[in-house]
Amino acid sequence: LKSLLLRALGLAACVVTVGCSFSTRQTSHFYDVPERVPARQLPPTIDFEGMPLRSGQIVLSESPYSTSFMFSLIPAEYHYFTHAAILVIDRGEPWVYEMTGEISSFPLYERPLDNINGKVLRRRLMDYAGPNLYVEIVEPPPGTNAERIAEYAREVYRRDVPFDPYFRFDDHRSLYCTEFVELALRSGGAAPNSLGPASQQRSLAVAKRWLGVPMDEALPAAYFYDSRRTVAALGQFPYRAAAAAYFEAKREIYWRLQQPDQRLGFIFRLDTTNIELRPEIERFAFNAARLFDRIEPKPAWGDPRIRAEVRRYADATFGPGPAAPSDQAPGAAVLSAAPVPYAYLPPRVSTAR
Amino acid sequence: MKRKAARIRALQRPCFVTAAGLLALACVKVTPELKAELAPATPTEHNLFRVRQEVDPHFFVNAARFRSAVATLDAGIATLDAAIVVDAADAAFRDQSSPPSATAVSEDSGATPADASPAPTTADAGGLR
């Protein structure tokens, strides 16, 4: 009976975690990225499938699961990427160290997140990247000691530090994914990021209260992102601008849902036991990724026309949305002055923690 | 092989499992308050995600309009890219045998119009899902 129960729970966990349908195809596209970073000159670097990789680099990713839409909604601002990890070269091979959690089979607790267990997982880069929609590998901030960053990741892995499903940054006895990366970077000498504000949207607040996660703060994976330091980009989209359009579609969903009268039920649906993305929302996001299929050359990463076209597409699909926030389209500078590198999000520096 | 694929899928989760997974657990109750938030939109609600029309993405970014946008770009980058973009845009525009496809659908049906290309699926969405 126990075996049957375990199997049933495992199946349920698998089904609900997968959520919406997705491809199990392995990563088939490696995208060109501007060679702004002298990564090949920073020892020790290996050439892996044409990518200049070394220990201590940061791996940022976007999964195809409906939960990635949920994660995007939590911060007070929209950001690309919903997961972060550390790249470590072990015996000449790139491995990804990531802090992650999953539903435990037994025991079952009443508090929802008490049922989540996890720790640092160590996987080969392509095993990690394959099922993801999109992955970027970026250099750590200048001046950091990459080997120390990698050593921190190895140490947490060795110590079997547990996953923190409650996102408590003030308690490092257990860690969540971006907390793990943040502490790794700090151990390498990086200036600390401060936690950012969380969205106060009413419907989201109901979900957060139910989960018991912090209501006011978040540490988005994009805090570690600076496209000037990108050394590799890979994923399942046929070209890189398609990934950008997908992210911009998520931005549209984010911004519309942030309006006070919007509800989670407008983009998610409760299907007996699962929360899934509503099919029209999923279709919109993946259609948006195809907007530039017939345009050559493809717009560059950060081209403001990507956001503009996706917004226009959203308006055509759903009707006019609310006035856009005052944020400038990321990458606007790229078009006005090509040699100027595009920084999506400057790291927030604070000495508060 | 199946087991390996399942293992990869199981491992490939975001950093934690939120409501999506938790709701599967019988012991975890969804509060009435959360249930209300997750309820489908009623016809009278102001729903910014109600589909007005399904639009074929292949035709939506019109090449001619894209060319026009290029013309308005900053001079430096326009000089760099315009010739290439305009040529490509012209070619793409000539290929278009029909105007952008946009077919109205009933508000909540979410149906894909018959004249639009199929919606992305696991099989054909460029491997996206």
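## Helices, a buried serine and cavities in a predicted model

The buried residues of α9(A) are R305(A), I306(A), R307(A), E309(A), V310(A), Y313(A), A314(A), A316(A), T317(A) and F318(A). Buried means under 20% relative accessible area, with exposed over 50% and partly exposed in between (1.4 Å probe, protein chains only). Helices (H or I, at least four residues) and strands (E, at least two) are DSSP runs, numbered from the N terminus.

This is a predicted model, in which local features need pLDDT of at least 70, side-chain atom pairs count only at pLDDT 80 or more, and totals for chains, interfaces and linings use all residues. Residues are numbered from 1 along each chain as its sequence is written, chains are lettered from A and ligands numbered from 1 in the order in which they are written, and side-chain values use heavy atoms, without hydrogens and water.

**Helices of chain A**

Helix α9(A) covers residues 304–318. G319(A) follows α9(A) and has a positive phi, near 95°. The expected span of a helix is 1.5 Å times one less than its number of residues.

| Helix | Residues in helix | C-alpha span, end to end | Expected span |
|---|---|---|---|
| α9(A) | 15 residues | 21 Å | 21 Å |

Helix α7(A) is mostly covered, with 17 of its 18 residues buried. One residue of this helix is R256(A). R256(A) is buried, at a relative accessible area of 1%. What does R256(A) touch, not counting residues up to four places away in sequence? Its partners in chain A are Q262(A), A314(A), D315(A), F318(A), G319(A), P320(A), G321(A) and P322(A). From chain B come L48(B) and F49(B). Contact means heavy atoms within 4.5 Å.

Helix α8(A) spans residues 279–288 and is also mostly covered: nine of its 10 residues are buried. Among them are E280(A), R283(A), F284(A) and F286(A). The buried residues of α8(A) pack against α2, α7, β13 (274–277) and α9 of chain A. They also pack against β1 (53–55) and α4 (57–60) of chain B.

**A buried serine**

S72(A) sits in helix α2 of chain A. S72(A) is buried, with a relative accessible area of 6%. Which side chain makes a polar contact with the side chain of S72(A)? That of K250(A) does, at 2.8 Å. A polar contact is a pair of N or O atoms within 3.5 Å; within protein, one must be able to donate a hydrogen and the other to accept it, and residues adjacent in sequence count only if both atoms are side-chain atoms. Leaving aside neighbours within four places in sequence, S72(A) is in contact with Y78(A), T82(A), K250(A) and Y254(A).

**Cavities**

The count comes to six cavities of 30 Å³ or more. A cavity is a set of points on a 1 Å grid over the protein atoms alone where a 1.4 Å probe fits but cannot get out; lining residues have an atom within 4 Å of a point. The largest cavity has a volume of about 350 Å³. Its lining holds 25 residues, with F71(A), I74(A), F167(A), A218(A) and L219(A) nearest the centre. Elements giving two or more residues to this lining are α2 (66–73), α5 (177–187) and β10 (217–218) of chain A.

**Chain B**

Chain B has six helices and two strands. From the N terminus on, they run α-α-α-β-α-α-α-β. Of the 129 residues in chain B, 47% are buried.

How values were computed: 1 Å grid on protein atoms, 1.4 Å probe; cavity = no way out; pocket = protein on both sides within 12 Å on 5 of 7 lines; lining within 4 Å. Points joined across faces, edges and corners; volume = space filled by probe spheres on them.
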